[in-house]
Amino acid sequence: MKQAFDDSATPGFIYNGHPARVIFGFGTLAQVHDEVHRLGRRAIVLSTPQQVDQARHLSARLGDLSVGVFAEATMHTPVDVTERALKAVRELGADCTVALGGGSTTGLGKAIALRTDLPQIVIPTTYAGSEMTPILGETEHGAKKTIRDAKVLPETVIYDVDLTMSLPASLSASSGMNAIAHSVEALYAQDANPIVSLMACEGIEALAKALPGIVENPDDRAARWQALYGAWLSGTCLGAVGMGLHHKLCHTLGGAFDLPHAETHTIVLPHGVAYNARATQPAMARIAGALGAPEAAMGLYDLAGRIGAKRALRDIGMPEAGIARAAEMALANPYWNPRPLDLGSIKQLIARAWSGAPPDLAI
Ligand code: NAD
């Protein structure tokens, strides 16, 4: 006998897609001229001080299409740096920005776009994923504020795998785990949907396969391609759905103790996942499947170990005395999470992440 269709087993969903023009591959930097031509005539090239040589080289390559370089991009997008960049934009008469670098440089391009509406070309050289999101985190007077505005979405993203070849193995490992965190939390987001979940699983799988290969041989071009592809997908997930406890915790810890962004994500992720595991079993099964591991939280902890990433917050500068304060701060502004937030358990979670202990599904 034919079974009746069960509507409740197939809930509806809302999918919010963001416009994106993405150029992906090896040697795609060659297309930057055409992209500047599409968006303007007078590009200012942005970078961190560490990548100033690359930025100058790109500016020279753009010739008349570039009006100069601003190379002061800094982690967490301090507003005073943005103000100096805006002055340079005005003085040089720039009509578009070209951000060459990781999330810090992308953040500066977004901060300029928020204030000027100048079109942006972003050329990511890490796996942070910011280029795919309408999110900007800015810091002023020691406080980090997150803004969500379609104005900060880049007009063009050029992923050139060649530019990621120089990302050192240790940075590749933590940056890749940062990207995995976006996909992981997308799978159990309040507004999770089947389309974003497809990208999330594909993103986790690509990165989990690529990162051990990159750490073993940073010149592995196939692994580099796969990692950047996974980072793009994961960034898209971050931009499309809301994040939970893990991202909020990293935001709090990073701000309160000035911890490095990607490494904080790498260390906290297995513990954040363990906390949510009991409330999100189907998502856990998909994460484990994408990792090729028996269980999600331990699979992430093992992956971090295999790629030589740090697994203890104490090793990246967090003081033990900060554990209780961090737990209280993480609960200060209520937000949605698949499992209700419980101060005692979150304190235990942070304590385990601080010491480097494996994740505990029972907390
Ligand atoms: P980063 O941009 O600070 O880069 C880390 C260092 O690596 C820098 O010195 C940089 O110049 C260098 N570097 C980058 N690419 C390189 C390469 N290919 N070769 C050699 N050196 C290279 O680090 P990140 O982790 O990419 O970005 C972190 C920042 O991005 C944080 O401020 C974080 O809040 C932000 N972020 C924002 C979003 C968002 O959606 N808004 C998403 C992810 C991260």
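The protein chain contains 14 helices and 8 strands. These elements are DSSP runs numbered from the N terminus, with helices (H or I) of at least four residues and strands (E) of at least two. The radius of gyration is 20 Å, close to the 21 Å that the globule rule gives for 363 residues, so the chain is as compact as a globular protein of that length. The radius is taken over C-alpha atoms, and the rule is 2.2 Å times the number of residues to the power 0.38. The C-alpha trace spans about 65 × 60 × 40 Å along its principal axes. Of the 363 residues, 56% count as buried. Buried means under 20% relative accessible area, exposed over 50%, and partly exposed in between (1.4 Å probe, protein chains only).

The model is predicted: local features need pLDDT of at least 70, side-chain atom pairs count only at pLDDT 80 or more, and totals for chains, interfaces and linings use all residues. Residues are numbered from 1 along each chain as its sequence is written, and side-chain values use heavy atoms, with hydrogens and water left out.

The ligand is surrounded by 22 residues. The closest are Thr 48, Ser 104, Thr 125, Thr 126 and Thr 133. By class, the shell divides into 7 nonpolar, 13 polar and 2 charged residues. Here Ala, Val, Leu, Ile, Met, Phe, Trp, Tyr, Cys and Pro count as nonpolar, Asp, Glu, Lys and Arg as charged, and the others, Gly among them, as polar. Helix α4 (residues 103-116) gives the most to the shell, with 3 residues. Both domain 1 (21-164) and domain 2 (169-355) supply at least three residues each. The domain bounds come from an automatic or database domain assignment.

A polar side-chain atom of Thr 133 lies 2.6 Å from a ligand oxygen. For Gln 50, a polar side-chain atom lies 3.3 Å from an oxygen atom of the ligand. A polar backbone atom of Leu 167 is 3.5 Å from a ligand nitrogen. On its own, the ligand has 860 Å² of accessible area, of which the protein covers 85%. Accessible areas come from the Shrake-Rupley method with a 1.4 Å probe; for residues, only the protein chains shown count as cover.

Cys 96 sits in strand β4 (residues 96-101). Cys 96 is buried, at 0% relative accessibility. Its C-alpha lies 6.4 Å from that of Arg 42, 54 residues apart in sequence. Arg 90, in helix α3 (residues 79-92), is exposed at 61% relative accessibility.

Thr 266 lies in helix α10. Thr 266 is buried, with a relative accessible area of 2%. A polar atom of the Thr 266 side chain lies 3.4 Å from the backbone oxygen of Ser 174.

Positive phi values occur at two aspartates. Asp 117, in the loop between α4 and β5 (120-124), has a phi of about 65° although it is not a glycine. Asp 258 has a phi near 50°. Asp 258 lies in the loop between α9 (245-257) and α10 (261-277) and is exposed, at 63% relative accessibility.

Definitions and conventions. A residue is near a molecule or strand if one of its heavy atoms lies within 4 Å of it. A polar contact is a pair of N or O atoms within 3.5 Å; within protein, one must be able to donate a hydrogen and the other to accept it, and residues adjacent in sequence count only if both atoms are side-chain atoms.
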